[in-house]
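I opened the model to look up some overall values and then one residue. My entries follow.

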Amino acid sequence: MSLSRLTTPLCCTSSTSDSLMTASIVKEKMNSTSLCLEDSKERIRKMFNKVELSVSSYDTAWVAMIPSPSSPHAPFFPQCLNWLLDNQLLDGSWGLPDCHPLLRNDALLSTLACILALKQWGVGEDQINKGLQFIESNITSINDEKQHPPIGFGILFPSMIEYAQNLGINLPIGATSLETMIQKRELELQRGSESNSQGWREYLAYVSEGMLESQDWKTVMKYQRKNGSLFNSPATTAAVFKHLKNAECLNYLQSLLEKFGNAVPTIYPLDIYVRLYMIDSLERLGINHHFKEEIRSVLDETYRYWIQGVEDIFLDPTTCAMAFRMLRLNGYDVSSDPFYQYSEDKFADSLKGYLKDAGAVIELYRASQAIIHPDESVLVRQGLWTKHLLKQESSPYQLYADKLRHYVDLEVNDLLNFPYHANLERLLNRRSMEHYNVEETRILKTSYRSCNLANQEILKLAVEDFNICQSIQIEELKQLSRWVVENRLDTLKFARQKLAYCYFSSAATLFSPELSDARISWAKNGVLTTVVDDFFDVGASEEEQVDLIQLVEKWDVDINTVSCSETVKIIFSAIHNTVCEIGEKSVKRQGRNVKNNVIKIWLNLIQSMFKESEWLRTKTLPTIDEYMQNAYISFALGPIVLPALYLVGPKLSDEVIENQELNYLYKLMSTCGRLLNDIHSFKREFEEGKLNALALRIAQGTGVITAEDATKEMMGIAEEKRIELLRLILQEKESVVPRECKDLFWKMIKVLHLFYMKDDGFTAHDMYSSVNAVIKDPVILNELLVHAQQNLSPVKATNVVMPQSN
């Protein structure tokens with residue numbers, strides 16, 4: 001029985017247009033795609049060469065407060081002071097322009113820091129007064145629980161108020177409000193001191209500029225990095241230098257001003273993380289194939305940093321997890337050992353653990369899904385505790401460093417509902433476009449932006465690329481609808497009509513325009529295997545089954561002169577035409593006709609299906625090993641995946657096709673799929689008296705093995721096969737099968753896991769919604785931009801509804 005047995009029938013409505021999809025149309029669309037998107041692609045390519053960060057008035061103010069070594073009454077960096085004088089906003093505040101309404105506390109903190117710097121050096125009286133007016137007008141936001149406070153606000157703001165009082169600044173803050181803030185600060189300090197955790201001590205060091213004279217500065221120095229900074233934070237580093245005159249701190253600050261001019265960002269360097277995040281965004285949006293060279297260059301560089309043990313990777317769990325996942329999934333040999341330092345207990349005792357940084361938890365969870373070795377228990381444990389935290393509705397791990405990423409809840413839901421091995425690319429691309437926030441602002445001790453992290457140009461390219469690919473797929477589906485009718489497959493009453501479902505599985509995974517031949521082959525053979533599955537299962541006599549096998553064995557026959565049923569003629573003719581068509585298309589890609597290879601694939605399938613029918617007819621109970629040796633073939637993935645290998649690009653010699661590696665990839669994929677199918681169809685097939693891996697395991701367990709035991713055992717085996725398959729796909733050494741071909745086995749694994757998330761696979765509603773999202777409903781860029789600006793959810797009409805995991 002094929003994988004499609006569990007799904008609800010879904011018919012595809014034909015278009016009124018009579019036009020067929022042809023190679024010339026595909027070529028024309030590809031040329032149009034290239035011309036239309038070239039400008040966008042060129043602008044994005046330039047982003048790989050330069051990571052841009054907004055400058056921080058808060059951090060610049062702390063650098064400006066450093067006194068000159070030759071004169072305590074003059075600033076060490078007068079250019080920073082001049083920058084503050086020149087960059088006050090119209091409302092009297094300092095900070096990012098177009099301040100988010102929930103970032104008033106951030107604006108208050110930055111404005112107060114700038115006032116302190118100007119007052120310290122006795123300049124900018126007008127600017128100071130305007131800043132004080134802004135504080136007076138917005139001070140009530142400090143008690144607004146909806147506001148997103150910067151990291152350390154509860155310590156930094158009241159401490160800076162005290163510093164302002166020492167400078168003689170008359171702040172427009174009532175005594176009661178000030179007393180309340182100071183009480184909250186003391187309570188936070190007391191609670192942290194009682195915990196005395198490493199995370200707390202690291203946090204105090206991070207907000208050193210707010211600790212005044214109570215800081216143990218020499219203890220803080222243990223957090224100094226090789227680049228001279230403390231936490232890559234200019235404000236922290238400036239505070240430490242002001243007290244200790246450390247030369248490496250000074251070198252760090254001077255290097256920033258050389259790079260950014262007269263102001264500094266709130267965090268630097270961030271290049272490794274930003275470039276990895278950019279690649280991740282391009283992959284999630286489905287446009288990474290336009291930037292293969294740039295992505296490979298970044299990953300090569302990241303791998304060198306990984307081997308060198310660069311601290312900007314390994315001191316940050318978010319960057320470490322992202323680097324590991326992306327390197328491993330792109331074929332680089334990286335160990336999961338670094339994650340021992342981010343076990344649940346150690347992470348909780350770190351700075352990001354103390355800050356309850358969900359962004360780090362999200363990346364650690366993603367990384368945990370890149371298991372390729374059976375002994376990677378560190379990733380198994382990591383997956384369990386991070387998933388547990390993300391699943392909690394009232395989890396303490398609320399976003400802090402990334403609190404203004406409005407679609408994080410949707411991102412977490414996606415992660416939990418669609419693990420890596422069950423996430424079809426085109427559905428992920430669509431959801432990612434709808435969740436993409438071009439106005440993204442992030443917040444540490446102050447807010448910052450980067451066009452590399454969020455950019456309208458990237459979203460524009462993704463939308464245009466998606467819609468152009470979709471227009472090609474619409475034409476292909478019309479062609480396939482005609483093919484079904486022309487081959488009279490719609491007249492077979494016993495057969496489920498699964499065209500839309502079969503084409504969806506190919507369009508959602510093989511979506512690039514140049515993969516048209518592979519998509520159509522995948523879809524046609526998916527339809528045919530469904531028909532043949534129903535033929536052997538319910539639609540044929542033993543004589544008809546034998547007739548079909550004999551026809552495929554003989555192959556070159558005049559079907560009009562053969563004595564067999566009309567059903568057999570229809571099925572054989574459809575298989576014959578499709579295989580010959582694949583053979584002809586293979587010539588341009590392989591330099592030879594692979595028809596005979598595809599015939600063998602089909603012959604293996606129908607012979608294995610016949611064996612299953614014989615077992616049922618004769619009431620033979622095979623051993624589970626005998627069953628599985630036949631069942632992974634009868635699961636009917638061979639004709640879908642294997643012929644498509646010839647049509648994705650790389651040349652495959654017969655030596656490669658017959659190589660043990662490729663056969664093993666096929667067996668792992670099919671065995672995993674067969675077990676998933678048998679697990680979810682066990683109850684129904686047991687009642688119908690059909691063969692099933694679980695039923696055989698229970699029968700051969702002599703009463704000791706329960707259905708629950710068998711299910712757990714088979715799920716474990718399926719997971720082992722999936723992990724082994726991913727390992728072989730990612731392995732480059734000693735591999736003879738091109739990566740583009742190996743990826744097809746993983747794409748099918750994703751299809752299988754998505755379809756078998758629930759016992760009934762897709763419901764009819766879910767199926768229609770998903771099909772429409774991929775091959776019918778275009779993405780409207782302006783609607784995405786409007787909803788991003790309004791901080792609303794994506795357009796409901798194009799929302800993708802998918803089954804929830806158990």
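What percentage of the 806 residues in the protein chain is buried? I found 60%, where buried means under 20% relative accessible area with a 1.4 Å probe, counting protein chains only.

I noted that this is a predicted model, in which local features need pLDDT of at least 70 and side-chain atom pairs pLDDT 80 or more, while totals for chains, interfaces and linings use all residues. Residues are numbered from 1 along each chain as its sequence is written, and side-chain values use heavy atoms, without hydrogens or water.

Next I looked up the overall dimensions. The C-alpha atoms fill a box of roughly 105 × 60 × 45 Å along the principal axes.

I then looked up the contacts (heavy atoms within 4.5 Å). Of those between residues at least 6 apart in sequence, 75% join residues at least 24 apart.

For secondary structure I have 36 helices and four strands; these are DSSP runs numbered from the N terminus, helices being H or I with at least four residues and strands E with at least two.

Last, I went to Glu-376. It lies in the loop between helix H18 (358-368) and helix H19 (377-391). Glu-376 counts as buried because its relative accessible area is 5%. Leaving out residues up to four places away in sequence, Glu-376 touches Arg-328, Ser-336, Ala-370 and Ile-371.

Note on methods: Buried means under 20% relative accessible area, exposed over 50%, partly exposed in between (1.4 Å probe, protein chains only).
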